[in-house]
Amino acid sequence: MMAKKRDWRYWRNLLVFILCMLAIGSVFGVARISYQGTMTYIHPPRAQLLPDDTPARFGIDYREIKLLTQDGVELSAWYTASQNNAVILVAHGYGGARSAMMHALFAYHGYGVISWDARTQGASGGEVSTMGYFETLDVEAALDYTLQQEGVKHIGAFGQSQGAATVIRAAARRS
């Protein structure tokens, strides 16, 4: 028996099939990479402070406090009382943690300061980062704590990157 000779339609169909499989594989590959990227963004690695990286390193008195957000996330924070009736809320950027140096910078000039680790970051609780959406509740928790402190007449805020976005969103929600 002789091998059957294949005509041009066979080769065309084979080529179309291969191209379809490559297209489907590409779609699944892009979807997988996108999924992994998204998971990395909403579950960032936690930046941890060194044990001696506190405002005390710069000669600033402070106390460790815990803040509780409206949705039940516990945040780790530092608070330094005001010497001039003004307090600055300090919000760090995405993937970071509260900065002892930034805290000390404001406190050195007599401001009260509250610095916290945003949800899913540093020593704070939380499982999902929302890139500033629910992190606004973190700013509001710091604001609520500050409003309960004696002698506070003025409140300001400083934010870096995502922290700036959350401060702006919180300011739009709360006067």
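## Terms and model

Helices (H or I, at least four residues) and strands (E, at least two) are DSSP runs that are numbered from the N terminus. The structure described here is a predicted model, in which local features need pLDDT of at least 70 and side-chain atom pairs count only at pLDDT 80 or more, while totals for chains, interfaces and linings use all residues. Residues are numbered from 1 along each chain as its sequence is written, and side-chain values use heavy atoms, with hydrogens and water left out.

## The sheet

Strands β3 (residues 86-91) and β4 (residues 112-116) run parallel and are joined by 5 bridges; within β4, W116 is the bridge partner of A91.

## The cavity

A cavity is a set of points on a 1 Å grid over the protein atoms alone where a 1.4 Å probe fits but cannot get out, and lining residues have an atom within 4 Å of a point. The largest cavity has a volume of about 70 Å³, a volume being the space filled by probe spheres set on the points, which are joined across faces, edges and corners. Of the 13 residues that line the largest cavity, A91, H92, A118, G163 and T166 are the closest to its centre. Helices α3 (135-147) and α4 (162-173) each supply at least two residues of this lining.

Note on methods: 1 Å grid on protein atoms, 1.4 Å probe; cavity = no way out; pocket = protein on both sides within 12 Å on 5 of 7 lines; lining within 4 Å. Pairing = 2+ DSSP bridges.
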